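Hi everyone, thanks for coming. Let me put today's structure up on the screen, and then we'll walk through it together.

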Amino acid sequence: MTVQEDYQPVFSGTVMEELQTVLGRYPTKQAALLPTLWIAQREHGWISDRIMAEVAEVLGLTPAYVKGVVTFYTMYHQHPVGKNFVQVCTTSPCNICGAEDVLKALLAQTGAGDAGATSPDGKWTIVEVECLGACGFATPILVNDDFVENVTPDKVADIVKKYR
Amino acid sequence: MGFPHKSHPKETVVLSQYFGDADARTLKGWTKRGGYEALAQALKMDPVAVTDVVKESGLRGRGGAGFPTGLKWSFMPKEKKRPHYLCVNADESEPGTFKDREIMRWTPHALLEGTAIAAHAIRAEVAYIYIRGEFTEPWTIMERALAEANAAGVFGTIKIHLHRGAGAYICGEETALMNSIEGKRGNPRIKPPFPAAAGLFGLPTTINNVETLAAVPHIIKRGAAWYKGMCLSNPKSTGTKLFSVCGHVQRPGNYEVTMGFPLKDLLYDMCGGPPAGRTLKACIPGGSSVPILTREETEQTLLDYEGCVAAGSMLGSGGVIVFDDSADMVYQIMRLARFYAHESCAQCTQCREGTAWTTKIMERILAGQGKTTDLDLLLDLSENMTGKTICVLSDSCAAPIVSGIKKFRGEFEAYLAGKRQPVMVG
């Protein structure tokens, strides 16, 4: 699948300064890979092949090595996602408290339809994830960087309204 | 219990004393509450003396393995020839566990103080706190607390850095975590060499869990004897422990009790038992990686390392998952298998293939397409997944399968005999 990508180099100006601070925390450049990818994703929205090549360049790694790391971790987006990226925990402890109904409500009310797909208006991508580490507050969801606890299907409408 | 609930009278409140108290998050607020006094005291002590106090207290690792903390510290080279590192495991991802999150959210300075004391004890100049990527709120709070403490020069020459994970349960395994900090895929390493010999960047490293380190300042300040005195059952399990209770209970949350506390009292008195009209069916006492207990076993379990083993399970991380009579154990065990299949790093064949096939077989049983030989096949697979791989993720997948089939065989057989409505798994 080819994706239309409006690519601008990420690492220049203040972002480059930020990277220098990050590099100062580690004895090797390679160790800064995860935080560098986080910065890149924040700036570009997702980790494209071009972004991987740029990250490889600034850290003195090969693009293939960077891709190997990116594909290991689930939180780096390897394709564009909606404006709101929602992670819903459906692992056992949340599952027995109704997490699958929360997921269904989110998929229906955002128009995303299927888990992992993006809604036609580009605003929502809903994914099912394993344990978010907040099992006593079932069901937790992560809307972009906002951690929302105790979500039930009847609270979904308000959440959708808030982030729309 | 943590915020927004008040502590229960049966709790022994040490680590959770300031849960829900936002003022304790600030350096000023923390110092006002006696914070960083233990660090000042420890920095005046010889590192060996600090380690000895922790050894004497009986503190054991709260991440799951229960290894004696002071002993672990003492494995670091006596003669320092190369840099030493401390890693703090804040990659809390074990289903059922949410205690470290609460510690970081409410008492970030408790973790930072414990980290600095441990770094002094093992003579490390740099400590990395590895926080799972999904913990956005704890990250922000930790970042703010660290900046405040650094500005005030609280840690002297010790440097503490935060490192954000990116969504991988396996990075909670100690050597996978080190690889992840090094900018690699989070594959566990073969041991030996153990981290104290060759850990982060190939240098002597100690790794401790958040809850373990949060307990250290209390031990330094109040003494080993005080900590050791908190024990209701086996003297090998001392101090307090946070138990994260979730699933089918009326009041889920974090509860702090003295080691050896009865699980029955935790679930019924403190958490209010299962919802009205339902009865307890099963319980996983130490996070999803430990064997499932029946109701009878649950009600006799004492919450310490030895008590959970005696009951046929393990204390693990203290993540207590409760199932009432409405839970479909076959479906929930399938969900756990799917969790491990998703989280396997895929290095070892037994784990990569074993977790995936276990999940597929569980799904076909649920769909009403299981074969009568499937339970034996699952047990055979589980046997080949136990004790044969680099890390214990594979064993962790086998634990709920083996204990589930043994203790809830009737539920599996009902699906196999077509006596239960098939569940199509998405």
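Between them, chain A and chain B bury about 3,800 Å², and 57% of that area is on carbon and sulfur atoms. Do keep in mind that this is a predicted model. Which three residues of chain A supply more of its buried area than any other three? They are A:Phe72, A:Ile96 and A:Glu130, which supply 19% of the area that chain A buries against chain B. In terms of contacts, 41 residues of chain A touch 55 residues of chain B.

Now the charges. Six salt bridges are found across this interface. Our friend A:Glu130 turns up again here, forming a salt bridge with B:Arg335, where the closest N and O atoms are 4.0 Å apart. As for polar contacts, the count between the two chains is 23 residue pairs. On the chain A side, α2, α4 and α5 each supply at least two residues, and α2(A) gives the most, with four residues.

On to the rings, please. There are 14 aromatic pairs over all chains. One of them is A:Tyr26 with B:Tyr128, a stacked pair at 5.4 Å centre to centre, with 5 degrees between the planes. This pair joins two chains, because A:Tyr26 lies in the loop between α1 and α2 of chain A and B:Tyr128 lies in strand β2 of chain B. Are these two tyrosines buried or exposed? Both A:Tyr26 and B:Tyr128 are buried. Together with B:Tyr85 and B:Phe201, they form one aromatic cluster.

Last, two charges over rings in chain B. The charged end of B:Arg33 sits over the ring of B:Tyr18, 5.4 Å from its centre. B:Lys360 lies over the face of B:Trp357, at 4.5 Å from the ring centre.

Definitions and conventions. Residues are numbered from 1 along each chain as its sequence is written. Chains are lettered from A and ligands numbered from 1 in the order in which they are written. This is a predicted model: local features need pLDDT of at least 70, side-chain atom pairs count only at pLDDT 80 or more; totals for chains, interfaces and linings use all residues. Side-chain values use heavy atoms; hydrogens and water are left out. Rings of Phe, Tyr and Trp (its six-membered ring) pair if their centres lie within 6.5 Å; planes under 30 degrees apart count as stacked, over 60 as edge-to-face and the rest as tilted. Buried means under 20% relative accessible area, exposed over 50%, partly exposed in between (1.4 Å probe, protein chains only). A charge sits over a ring if NZ of Lys or CZ of Arg is within 6 Å of the ring centre and within 35 degrees of the ring normal. Contact means heavy atoms within 4.5 Å. Buried area is the accessible area (1.4 Å probe) that two parts lose on being put together, summed over both. A salt bridge is a side-chain nitrogen of Lys or Arg within 4 Å of a carboxyl oxygen of Asp or Glu. A polar contact is a pair of N or O atoms within 3.5 Å; within protein, one must be able to donate a hydrogen and the other to accept it, and residues adjacent in sequence count only if both atoms are side-chain atoms.
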